[in-house]
Amino acid sequence: MINPKLPYIWYGGDYNPEQWSKDIWQEDIRLFKLANINIATVNVFSWSLLQPSEDEYDFSLLDEIIEKLYENGIYICLATSTASQPHWMSVKYPEVLPVDINGNKRSHGGRVNFCPNSKIYRYFSGKLVEKLAERYANHPAIVVWHIANEYGTYCYCETCEKEFREWLKKKYGTLEELNKRWYTTFWGQTIYDWNEITVPTLRNVIFHHWITGKLSTVAQGMVLDYYRFMNESILECYLNEYRIIKKYNPNIPVTTNLMGTFKPLNYFEWAKHMDVVSWDSYPFYEDDYINVAFRHALMRGLKQGEPFMLMEQTPSQTNWHPYCYIKRPKVMRLLSYQALAQGADTVMFFQLRQSRGGPEKFHGAVISHAGHENTRVFREVKELGEELKKLGDKILGSKVNSQTAVLFDWENWWALENSQGPSAAINYPQGVESYYRALFENQLGVDIIGIEDNFEKYKLIVAPLLYMIKPGLEEKIKNYVEKGGIFITTTLSGIVDENDLVYLGGYPGPLREILGIWVEEFDALPPEVKNEIVIQTDYKPYFSRESYECNLVFDVIHMEKDTVRAIGLYKKDYYKGSPVVTVNKYRNGFAYYIGTFPSKEFLKEFIKYISQTHKIEPLFKDVPYGIEITQRVKDGKVFTFLLNHSEEIKTINIGGKKKDLLTGREYEGLIDIYPREVLILED
Ligand code: GLA
Ligand code: ZN
């Protein structure tokens, strides 16, 4: 349980009473109670109110807010307010303001608009947090701390430049080593003095690609290190506050709200320092339920499957999507249960009362501009609140049960997408997601794990686009397969080391031995140009079609060992008839290679083939598209979440008798799940 002080599914969200007069607060409390809200996240953007000038602090308003909520049975997720510094600070100490990637010094405004290496920012944020912790860390209302808000702004200022040099000195020791790792002999970039090192911006090594318009770079090694350095610098801001809070009360968990597949921050590194992972889920109009599940699974994976917090979701619409669609009736409830099904222990909104002004005035909220409870959104929030309250602590602390995993690695993402070639169409998270989807649709139970996680507990691990093989990873994969693991990897894997330097001797470098193949070259064609994977005779019984489309990248593969088999061959082009999908028996396990970007149909059937061949039993059989099934387990008890994301009734077989926690009804065998409905079955 995140905090046993509040042994319910946490239900509430961001609340900004400082935007309102006190008579409104009174009305808010009435409505919160009506909606069964038990937690409010407060103080997210109040620094300028808490500290009107350099030596003046005023906590009276916050005191009142916390007391008022607590008196009324509402617990507090206490934010530290450090995502936007007060105006006076930016004016008096301009060094707190960042320089952007264009090389332009920013002036005050907006949020997360500070230099993470500014000593002044660290000093003042630390001082504020010290005062907050001193005052509230032992307050009975506080159940969790929320540091800053959605970190992520990279800075390119002089302070950062100096710190970057120090960071590099520590990392590489000598310039000789740095020159080697950054491959500076290319285009004559040799560095002779540490002070020659600059930060990578649009004024030097970063540029908008003249054809695609995407940001690109000509300094792969340097940019990769700058991402690492920025990630650590920003993390240091978080840690600065974390350490202070812990001094005052180590028992209150601390978090900061993450953003799913957010490229600038290596969230696996962050999660090591977070007591509980929390994140903000804002599905796009184009997303289907599997995209959303993928991001939940990634966030769950950051802390090896520990329950996470859904810190924010909109009850209805966002204001910042290009087209701000409204969640249709029952969809908010459905997506809330999806978060729980994927391992969350909280359902929280942005925000509780809709702002009157500012950029987010059209962002959905529990209490809308209408200001009363007679809205569809409020009714839905209230009904969900009642249901969640009845669930009590039943599912809290339970963990999602998965037998397969997909590997995700931020540094790999950075390096792969910073690479010029072979294809501008490569999108790492999308590539990983396509494999997650295939496992998900085969009902195998999927986790997303990092390269440092335990591999042994999974029957199958898929590592799509594992371009970068860092020290130790090769052995880890070999060990896993040697002992009987099933490993699948793809095109553009095993190509570079941790500095984006190619492994010489043939692709896929360190993975060549276990895959038993050599990729001589890879062709890349525009997305609309397709080839086909022709299924080989021995494998035909497992596939519904003779061939499947593939595109983007086409590896030219040689099978190097007699333990290797080709599952599929190319249908056309000069590599027609050569292998595109292979398998190698390596010791007690199997290593599969897919040398292209195959269609969804292929991946789904391929994973089905793998699960049949290696006896990885699906949790459920014959599950139609639109149905999401996950299991959470606690003390040997299994909770099966069944969600119908579609617009039609779907029938599935649930086997033996089970009871639905939401309605108390018993079910058995074939059951109908109504559109946008949810069941939580207990054996
Ligand atoms: C983010 C922020 C919130 C708010 C919402 C709007 O998640 O954390 O402060 O801006 O987006 O969707
Ligand atoms: Zn800076």
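Reader: Is arginine 676 buried or exposed?

Author: This is a predicted model. Burial is judged from relative accessible area, and a residue counts as buried under 20%. Arginine 676 is therefore buried, at 16% relative accessibility. The residue sits in the loop between strand 29 (670-673) and strand 30.

Reader: What is the phi value of arginine 676?

Author: Phi of arginine 676 is near 55°, a positive value in a residue other than glycine. Serine 81 also has a positive phi, near 75°, and is likewise not a glycine. Serine 81 belongs to the loop between strand 3 (75-79) and helix 4. With a relative accessible area of 0%, serine 81 is buried.

Reader: Let us turn to the metal. Which residues coordinate the zinc ion (ligand 2)?

Author: A metal site is read from its donor atoms. For the zinc ion (ligand 2), these are the SG atoms of Cys115, Cys155, Cys157 and Cys160, at 2.2 to 2.3 Å.

Reader: What is the geometry of the site of the zinc ion (ligand 2)?

Author: The ideal angle for four tetrahedral donors is 109.5 degrees. Four donors count as tetrahedral if all angles lie between 85 and 135 degrees. Here the angles among the 4 donor atoms run from 101 to 116°, and the site of the zinc ion (ligand 2) is tetrahedral.

Reader: How are the donor residues of the zinc ion (ligand 2) spaced in sequence?

Author: Their spacing is C-x39-C-x1-C-x2-C. Cysteine 115 is in the loop between helix 4 (87-92) and helix 5 (119-136), while cysteine 155 is in the loop between strand 4 (142-146) and helix 6 (158-172), so this pair ties together parts 40 residues apart in sequence. Cysteine 115 is buried, at 0% relative accessibility, and cysteine 155 is buried at 0% as well.

Reader: Which residues are around ligand 1?

Author: A ligand site may be read as a shell of surrounding residues. The shell of ligand 1 consists of Phe45, Arg111, Asn149, Glu150, Asn257, Asp280, Tyr282, Glu312, Trp320, Phe350, Glu360 and His363. By class, these residues divide into 4 nonpolar, 3 polar and 5 charged.

Reader: How far is an oxygen atom of ligand 1 from an N or O atom in the side chain of glutamate 150?

Author: That distance is 2.6 Å. For the side chain of histidine 363, an oxygen atom of ligand 1 is 2.7 Å from an N or O atom. The corresponding distance for the side chain of aspartate 280 is 3.2 Å. Ligand 1 has 300 Å² of accessible area on its own, and the protein covers 97% of it.

Reader: With which side chain does the side chain of glutamate 682 make a polar contact?

Author: Contacts of this kind are read from pairs of polar atoms. The side chain of glutamate 682 makes a polar contact with the side chain of lysine 394, at 3.4 Å. Glutamate 682 lies in strand 30 (residues 678-682) and is buried, at 10% relative accessibility.

Reader: Which peptide bonds are cis?

Author: Proline 422 is in the loop between helix 13 (410-418) and helix 14 (428-441). Another cis peptide bond joins tyrosine 507 and proline 508, with omega about -5°. Proline 508 is in the loop between strand 16 and helix 16.

Reader: Where is threonine 491?

Author: Threonine 491 is in the loop between strand 16 (486-490) and helix 16 (512-515). This threonine is buried, with a relative accessible area of 0%.

Reader: How far apart in space are leucine 239 and histidine 273, C-alpha to C-alpha?

Author: Separation along the chain and separation in space are read as a pair of values. Leucine 239 and histidine 273 are 7.6 Å apart in space, C-alpha to C-alpha, and 34 residues apart in sequence. Leucine 239 is in helix 8 (residues 220-248) and is buried, at 8% relative accessibility. For tryptophan 10 and aspartate 23, 13 residues apart along the chain, the C-alpha atoms are separated by 26 Å. Tryptophan 10 is in strand 1 (residues 10-14) and counts as buried at 2% relative accessibility.

Key. Residues are numbered from 1 along each chain as its sequence is written. Chains are lettered from A and ligands numbered from 1 in the order in which they are written. This is a predicted model: local features need pLDDT of at least 70, side-chain atom pairs count only at pLDDT 80 or more; totals for chains, interfaces and linings use all residues. Side-chain values use heavy atoms; hydrogens and water are left out. Donors are N, O and S atoms within 2.8 Å of the metal (3.2 Å for Na, K and Ca); water is not among the atoms, so sites may look incomplete. Four donors count as tetrahedral if all angles lie between 85 and 135 degrees; four count as square planar and six as octahedral if opposite donors are over 155 degrees apart and all others between 65 and 115; anything else is irregular. Helices (H or I, at least four residues) and strands (E, at least two) are DSSP runs, numbered from the N terminus. Buried means under 20% relative accessible area, exposed over 50%, partly exposed in between (1.4 Å probe, protein chains only). A residue is near a molecule or strand if one of its heavy atoms lies within 4 Å of it. A polar contact is a pair of N or O atoms within 3.5 Å; within protein, one must be able to donate a hydrogen and the other to accept it, and residues adjacent in sequence count only if both atoms are side-chain atoms. Accessible areas come from the Shrake-Rupley method with a 1.4 Å probe; for residues, only the protein chains shown count as cover. Ala, Val, Leu, Ile, Met, Phe, Trp, Tyr, Cys and Pro count as nonpolar, Asp, Glu, Lys and Arg as charged, and the others, Gly among them, as polar.
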